[in-house]
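My entries follow the model as displayed.

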Amino acid sequence: MREHLIPIGEVAQSFGIAASTLRYYEDEGLLSARSRTGGKRWYGQRELRRLALIRMYTETGMTLEQVRSFIETDTTSEQFSTVLADQVSTLEAQIAAATRAKLILEHHLTCRQERPMQCPWLLEQLDKRVEAALDFKLT
């Protein structure tokens, strides 16, 4: 039985990416088309799984080089775990920064101060940042 192949345009649309992204992945050696017919690239189940894997890891913030190291080599579970633990730490820092940013924005949305730049909470936050930056307390 012949495998069903999907043309590059449909694959790109299904994954919500540009066809140029698929060609870039090919240029980088991360992905290859099953066949080329009539000037079109065609992908089978194996290539679609690999693309899903690439997208899954890049959505976690991993670089294409990190993704390549997992899918191109005989990575041990220890090496895999080290990279993943580093990425989890990076994501935790990004989440903390996003949470702080969200609190600031939410405060501004609910602040009753008529002049937002005179908000006592904002001024207090600014003083804390200045103190932390200068590593001493202002008197």
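For these entries I take contact to mean heavy atoms within 4.5 Å. I note at the outset that the model is predicted.

Entry one, Glu47. I located Glu47 in helix H3. I looked up its partners beyond the neighbours within four places in sequence and found Leu31, Ser32 and Arg34 in contact with Glu47. I also followed the side chain of Glu47 to the backbone nitrogen of Gly44, which it reaches at 2.8 Å.

Entry two, helix H4. I listed the buried residues of H4, which spans residues 64-71, as Val67, Arg68, Phe70 and Ile71. Viewed down the axis of H4, these buried residues fall within an arc of 160°, so they line one face of the helix. I checked what covers the buried residues of H4 and found that the cover includes helix H3 (45-59) and H5.

Entry three, helices H5 and H6. I compared the axes of H5 (residues 77-110) and H6 (residues 120-134), which come within 11 Å and cross at roughly 155°. Angles over 145 degrees count as roughly antiparallel, and H5 and H6 are therefore roughly antiparallel to each other. From H5, I recorded Leu103, Ile104, His107 and His108 as making the contact, and from H6, Trp121, Leu122 and Arg129. Sorted by class, the contact of H5 with H6 has four nonpolar, two polar and one charged residues.

Conventions
Residues are numbered from 1 along each chain as its sequence is written. This is a predicted model: local features need pLDDT of at least 70, side-chain atom pairs count only at pLDDT 80 or more; totals for chains, interfaces and linings use all residues. Side-chain values use heavy atoms; hydrogens and water are left out. Axes are lines fitted to C-alpha atoms, for helices over the stretch in contact, and angles run from 0 to 180 degrees between N-to-C directions. Helices (H or I, at least four residues) and strands (E, at least two) are DSSP runs, numbered from the N terminus. Angles under 35 degrees count as roughly parallel, over 145 as roughly antiparallel, 65 to 115 as roughly perpendicular and the rest as oblique. Ala, Val, Leu, Ile, Met, Phe, Trp, Tyr, Cys and Pro count as nonpolar, Asp, Glu, Lys and Arg as charged, and the others, Gly among them, as polar. Buried means under 20% relative accessible area, exposed over 50%, partly exposed in between (1.4 Å probe, protein chains only). The arc is that of the directions from the helix axis to the C-beta atoms. A polar contact is a pair of N or O atoms within 3.5 Å; within protein, one must be able to donate a hydrogen and the other to accept it, and residues adjacent in sequence count only if both atoms are side-chain atoms.
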